[in-house]
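Reader: I've got this model open and I'd like to talk it through with you. Can we take it piece by piece?

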Amino acid sequence: MIRVLVAKPGLDGHDRGAKVIARALRDAGMEVVYTGLHQSPEQVVDAALSEDVDVLALSILSGAHPTLVPRIMELVRQNHMDDVLILLGGIIPEDDVEDMVQAGVAKVFGPGTDTNDIVRFIRERVKDE
Amino acid sequence: MKDLDDLKQGVFQGQKRAIARGLTWIEQGRQEGKLLAQQLFAHGGRAHVIGVTGSPGVGKSTLVNALTLHLRHEGYKVGILAVDPSSPFTGGAILGDRIRMQDSVMDPGVFMRSLASRGHLGGLSRATFGALTLLDAAGFDKILIETVGAGQSEVEIMQMAHTTMVVLAPGMGDDIQAIKAGILEIGQIFVVNKADRDGADHTVRSIRSMLGLTSEHPEWMPPIIKTVAEDGRGMEEVNQALFRHHQYLTEHGLLDRFRWTQTEHVIEQAVSDLGERLVRKARLENSWAKRVVAVGEGSADPDRVAEEIWRHTIQED
């Protein structure tokens, strides 16, 4: 069973996208933990650790990804969670995508992404036991 | 952390990652997970296991959050298992209990895990027993299990929890009528949450009149407590009631009986695992196809075949 944490780090209050993704992943047969809005990087990583998820899907629309994502990645490494697949969605300017990937994000999915593409990407990368 | 012994040591030390990974093994239902749970069982038996059940929307998660904060204040380490339903069609699930537990779960003395029911009926997941065995061995003093919240069918919690709390909310007067058969019999503590709303006293009275009709243990009269979990009101009373119920179980030897029943369950589980292993082994042998044909034609009786397989495999071991 593939387990995913859909997380909303930072201060933006828009979780429509996150909920659409959560539902699409559930309908694809995955178990999706959703933690609600306004999560600190510490909360996000603590939840991912406790829930032992295969995938951490971050949704950020506030523009704070240049600070939030590196901090989250630092905590992921500190906790030896190297086997977790990290995805990023929301509003990420094209120019920042490369930096996010450098920081350790496996893929950035922008607005208008077909949810099937996300499901396919996860299935390719995570072995389902 | 691939090795069973490493994982066990990590659990004993209360390492979050080891606990989390151990729970995954147990949930996956593979052999290592079963072994882990069976081996950890002997190291448990100290925790007070508390079930929290009730219809959707009465505030179970919020209550668990508020109670956890209170129990932490009292110095207890708290483990939380929250079960949500899996879709019967896709097997997927959305696990949202963490949303209402944000205040308490960041505390290092708290471990919270969401479990999907994975097709298991009865308001829990198949992995619940193994999961609480692990949290018990990891040294949590109080383990709170929040059930799916579907209503009537949630009696299984009784076999897992020492104390079952049934949570209700005002404005459910008629619902009490509907659910009394299942849920009123399993409650050792009743909580009327959202008690700042109209009708709380009416709900308390309805429960009290129902309880008058059914009482399994006449020595324990279930208390009915009004709470407002959102701001923590009533948590001291809930904590007191939990303490008194635990004391009652101890004084009447019921905790020992509980442990005895659970130990029986663990042995039964191990025996049925053994049975499964025998079948897996037997299927790999050349004689399997012959046996299937014989039973299918009616020339062999399945009970005799089972005995043969049993004797044959035991000799090999």
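Predicted model: local features only at pLDDT ≥ 70, side-chain atom pairs only at ≥ 80, totals over all residues.

Reader: Over how many bridges do E2(A) and E3(B) pair?

Author: Strands here are DSSP runs of E with at least two residues, helices are runs of H or I with at least four, and both are numbered from the N terminus. Two strands pair if DSSP finds at least two bridges between them. E2(A) and E3(B) pair in the parallel sense, and the number of bridges is three.

Reader: Which element gives the largest share of the side of chain B that touches chain A?

Author: Contact means that the C-beta atoms of two residues, placed from the backbone, lie within 7 Å. By that rule, 24 residues of chain B are in contact with 24 residues of chain A. H2, strand E3 (93–95) and E4 of chain B each supply at least two residues of that side of chain B. The largest share, seven residues, comes from H2(B).

Reader: What does H2(A) pack against?

Author: Helix H2 (residues 41–51) of chain A has nine of its 11 residues buried, where buried means 20 or more other C-beta atoms within 10 Å of the residue's own, exposed means 12 or fewer, and partly exposed is in between, with C-beta atoms placed from the backbone. Among the buried ones are A:Val44, A:Val45 and A:Leu49. Within chain A, the buried residues of H2(A) pack against strand E1 (3–7), strand E2 (31–34), strand E3 (55–60) and helix H3 (65–78), and from chain B they meet H2 and E4.

Reader: Why does a radius of gyration of 13 Å agree with a compact globule for chain A?

Author: The radius is taken over C-alpha atoms, and the globule rule is 2.2 Å times the number of residues to the power 0.38. Because chain A has 129 residues, a compact globule would come out near 14 Å, which agrees with the radius of chain A, 13 Å.

Reader: In what order do the elements of chain A run from the N terminus on?

Author: Chain A has five helices and five strands. From the N terminus on, they run β-α-β-α-β-α-β-α-β-α.

Reader: Over in chain B, which strands are the edges of the open sheet?

Author: That sheet has seven strands in the order E4-E2-E5-E1-E6-E7-E8, with parallel pairing. E4(B) pairs with strand E2 (residues 78–84) of chain B over seven bridges, and B:Leu81 has B:Arg113 in E4(B) as its bridge partner. Each edge strand pairs on one side only, and the two are strand E4 (110–116) and strand E8 (224–226) of chain B.

Reader: Which helix gives the most to the side of domain 1 of chain B that touches domain 2 of chain B?

Author: Chain B is divided into domain 1 (1–43), domain 2 (44–252) and domain 3 (261–316), with bounds from an automatic or database domain assignment. The contact takes 15 residues from domain 1 and 13 residues from domain 2. Helices H1 (4–12), H2 (16–28) and H3 (31–41) of chain B each give two or more residues to the domain 1 side. The most, six residues, comes from H2(B).

Methods:
Residues numbered from 1 in each chain as written. Chains lettered and ligands numbered in written order.
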